Amino acid sequence: MKFTVLKSTLMSKLTPAMGTVSNKNTITSIEGVLIETLENNIIRISTYDMNKGVRATFEASSIEREGKYIINAQRLYQTIRVLPEDEITIEVNEKLNCTISCGKASFSMFAMKGEDFPNLPELSSEKGFEISSDKLRMMIGKVSHSIAELDNRPMLCGAFFKIKKDFIEVVSCDSYTLSRCSMNCDISFIGGEEPEYSLIIPGHALGELSKNLSDGNDEKVNFYISRKHAIIKKGDITFFTRTIDSEYINYERIIPKDNDIFVTVDRERILDALERANIVAEEKIKGSGRSYVKISANDQFLIITSSSINGKVTDEMDCVHEGKDIDIGFNCRYLIN
């Protein structure tokens, strides 16, 4: 195999794939990136840690010899990153010696046969929908802090997605906090039908998915759902992950319905106050534990205070207060999220 490609082109596809490379597995092949030559000067790369993966395609400047090989992902990424901004030639010979050259610089490393790479799941499905990349990324960010890392109930280690016509809801719960983000938005169902979908995506996969979604524009992504996987396609990059096969908790029952205390405050004003309070709240001194932020609502004022062994902060703002006075404590970072 031998091909030439611009460094910027290769890095734009290799960077998002690095998050799905395994580094704690006895299977050597999944520590690498599978590189394949296709027709019409197209190169395809794949990474897969047996739970989640990325597949991407890009156009090469030229392909001199076809082939299919595995190259250690970390070594490849570190090598490409330090090369000049120019065309890069990657060559693998029959003895599995890989040479990466750019200008007068060249690196050598070992490769593996492409046939040793594990089989990827089927990356297509008739079930799916199209949604704004920016909105999906924002919703994941709103609930990610409430996903459990370790729990004997697998469903809590992921986020629950519910999708129906012009509506999407994402929920997470770690037994201590519950986050729900609901949004009315344009959803185009693939195939023209308007069914209702629900699935649970693991938390470790959501972090990588979020990195691959656009921020600040209205680019669309295709979100496919198969029996065991969620497949998200954005342009030439496909991200896929196993889903959690379990029924999600009845979160509607957990959310209190009969509330008699309501406080309305300017969003930007309270966010600024929480950021200031968080400077003190996040101070950790050995043996002192974590400090939380205290919120007091009385009359028409909201008072935010936080103290630790090294300091104290107090901030007061106007609010619309209905019901009894209240003093309540929160993890400051949860409120900011």
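Mentor: A salt bridge is taken here as a side-chain nitrogen of Lys or Arg within 4 Å of a carboxyl oxygen of Asp or Glu. The model is predicted, so local features need pLDDT of at least 70 and side-chain atom pairs pLDDT 80 or more, while totals for chains, interfaces and linings use all residues. Residues are numbered from 1 along each chain as its sequence is written, and side-chain values use heavy atoms, without hydrogens or water.

Over the whole structure, 15 salt bridges are found. E252 makes a salt bridge with R180, and their closest N and O atoms are 2.9 Å apart. This pair links distant parts of the chain: E252 belongs to helix α5 (residues 251-254) and R180 to strand β13, 72 residues apart. Helices (H or I, at least four residues) and strands (E, at least two) are DSSP runs, numbered from the N terminus. E252 is partly exposed, with a relative accessible area of 34%. The bands are buried under 20%, exposed over 50% and partly exposed in between (1.4 Å probe, protein chains only).

The other partner is E169, whose salt bridge with R180 has its closest N and O atoms 3.8 Å apart. E169 counts as buried, at 4% relative accessibility, whereas R180, at 38%, counts as partly exposed. Through salt bridges that share partners, K162, E169, R180 and E252 are joined into one network.

On a 1 Å grid over the protein atoms alone, a pocket is an open set of points with protein on both sides within 12 Å along at least five of seven lines, a cavity is a set where a 1.4 Å probe fits but cannot get out, and lining residues have an atom within 4 Å of a point. A volume is the space filled by probe spheres set on grid points joined across faces, edges and corners. The largest pocket is lined by 15 residues, and L178, S179, F330, Y334 and L335 are the closest to its centre. Two elements, β13 (178-184) and α7 (332-336), each give two or more residues to this lining. β13 supplies the largest share, three residues. F330 is found in strand β24 (residues 326-330) and is partly exposed, with a relative accessible area of 32%.

A separate salt bridge joins the side chains of K13 and D236, at 3.8 Å from N to O. Because K13 lies in helix α1 (residues 7-17) and D236 in the loop between β17 and β18, this pair ties together parts that are 223 residues apart in sequence. K13 counts as buried at 13% relative accessibility, and D236 as partly exposed at 45%.

The search of the whole structure finds one cavity of 30 Å³ or more, and the largest cavity has a volume of about 50 Å³. Its lining consists of L209, N212, L213, I232, K233, K234, I237 and F239. α4 (203-212), β17 (229-234) and β18 (237-242) are the elements that give two or more residues to the lining of the largest cavity, and β17 gives the most, three residues.
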